[in-house]
Amino acid sequence: MKKILFIYNPNAGKGLLKPKLSDIVDLFVKSGCEVVIYPTQSYHDAYKKVKRYEEDYDIVVCSGGDGTLDEVVTGMMKRGGKTPVGYIPTGTTNDFANSLHIPKDLLSAADAAVNGKPFHCDIGQFNDDYFVYVAAFGLFTDVSYQTKQEMKNMLGHLAYVMEGAKRLFDIPSYHVRVEYDGNDIEDDFVFCSVTNSRSMGGFRNMFGHEVEFDDGEFEVTLVRSPKNLLEMQSIVTSLMSKEKNSDYIYNIKAREISFESLEEIPWTLDGEFGGEFDKVRIQNRQQELCIMVPEEKAYELIHHPYKESLKRGTLEELDEEEEKKF
């Protein structure tokens with residue numbers, strides 16, 4: 001019998017979990033699981049619970065928004081555990097869940113959490129902290145954590161639009177030196193994202209191109225500061241058309257990247273405030289997060305060298321540790 005720790009945020013989204021809670025626990029039990037249920041009581045409660053629990057669990061399932069997932073995964077990394085994480089998304093955007101094809105239907109997501117396939121994906125180390133799918137600074141990146149939960153629950157994505165509109169005429173610019181994998185860039189930037197997701201803020205493939213979740217590299221987008229409205233229009237056009245590079249946008253891939261600025265910059269980690277720093281070092285911790293995904297979607301998430309081995313029927317050529325991931 002599997003033993004599950006089920007952590008959920010009762011305030012996430014529009015209260016979607018509450019009417020389904022009994023059915024989800026029933027699904028867990030019918031799947032042969034013993035369930036320990038823990039509703040979070042405050043900010044960072046999920047992180048504290050995961051970091052400090054002493055029991056042996058086969059899976060830690062969490063339900064909430066991207067922030068709840070971030071807390072659970074950060075707690076897992078801090079404790080040095082390799083326990084698989086299941087995710088039932090009930091937040092407003094659920095970027096990472098959408099990228100991993102975790103179902104929007106709560107019962108289907110619960111089924112994937114306990115009966116799906118483990119997928120080993122990359123995770124980011126941000127100085128001494130961690131993030132699941134995005135670290136960012138600049139234009140609109142504070143919208144998620146500045147928008148009140150009550151407004152998110154009531155208005156959904158419209159709440160983000162309303163909060164973001166307030167910032168259109170107050171665009172901060174930061175002079176930053178960026179070093180990555182032996183290269184460097186120095187310029188004034190209004191936006192930066194270091195991501196391992198195909199969706200950010202509900203927009204697919206706008207920030208990051210050709211994303212592979214387990215290849216050991218992040219997709220980095222840097223947007224230079226526009227000097228006038230014409231340049232601003234060119235930047236918006238490039239982003240909306242998903243243009244990979246332009247005169248104003250750098251799109252790069254990196255295993256390790258550092259930022260040094262003249263002033264402390266407020267960073268966002270997975271949609272939550274991550275602190276203010278003038279020096280940041282981000283490292284890709286390749287395949288260190290084990291997350292449960294729907295079995296039928298697991299194959300297409302695997303990084304292409306492994307896919308090619310599977311297609312050729314040469315999986316035995318992979319080392320023993322890689323074989324375990326299939």
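**View 1. A partly exposed arginine, R281, and its salt-bridge partner E256.** R281 has a relative accessible area of 41%, so it counts as partly exposed (buried means under 20% relative accessible area, exposed over 50%, partly exposed in between, with a 1.4 Å probe and protein chains only). R281 forms a salt bridge with E256, and their closest N and O atoms are 2.9 Å apart (a salt bridge is a side-chain nitrogen of Lys or Arg within 4 Å of a carboxyl oxygen of Asp or Glu). Because R281 sits in strand β15 (residues 272-293) and E256 in strand β14 (residues 256-269), the pair ties together parts that are 25 residues apart in sequence. E256 is partly exposed too, at 33%. Helices (H or I, at least four residues) and strands (E, at least two) are DSSP runs, numbered from the N terminus.

A note for all views: this is a predicted model, in which local features need pLDDT of at least 70 and side-chain atom pairs count only at pLDDT 80 or more, while totals for chains, interfaces and linings use all residues. Residues are numbered from 1 along each chain as its sequence is written, and side-chain values use heavy atoms, leaving out hydrogens and water.

**View 2. The salt bridge between R224 and D187.** Here the closest N and O atoms are 3.1 Å apart. The pair links distant parts of the chain, with R224 in strand β12 (residues 218-224) and D187 in strand β9 (residues 183-195), 37 residues apart. D187 counts as buried, at 18% relative accessibility.

**View 3. The salt bridge between D215 and K253.** The closest N and O atoms of this pair are 3.8 Å apart. Distant parts of the chain are linked again: D215 is in the loop between β11 (203-204) and β12, K253 is in strand β13 (residues 249-254), and 38 residues separate them. D215 is buried, with a relative accessible area of 7%, whereas K253 is partly exposed at 32%.

View 4. The structure holds ten salt bridges.

**View 5. Strand β3 and its neighbours.** Six of the six residues of β3 (residues 59-64) are buried, so the strand is largely enclosed by the rest of the structure. I59, V61 and S63 point one way, and V60, C62 and G64 the other way. Strand β1 (residues 2-8) runs parallel to β3 and is joined to it by five bridges (two strands pair if DSSP finds at least two bridges between them). In this pairing, I7 stands opposite C62. Five bridges also join β3 to the parallel strand β4 (residues 85-89), where V60 stands opposite V85.
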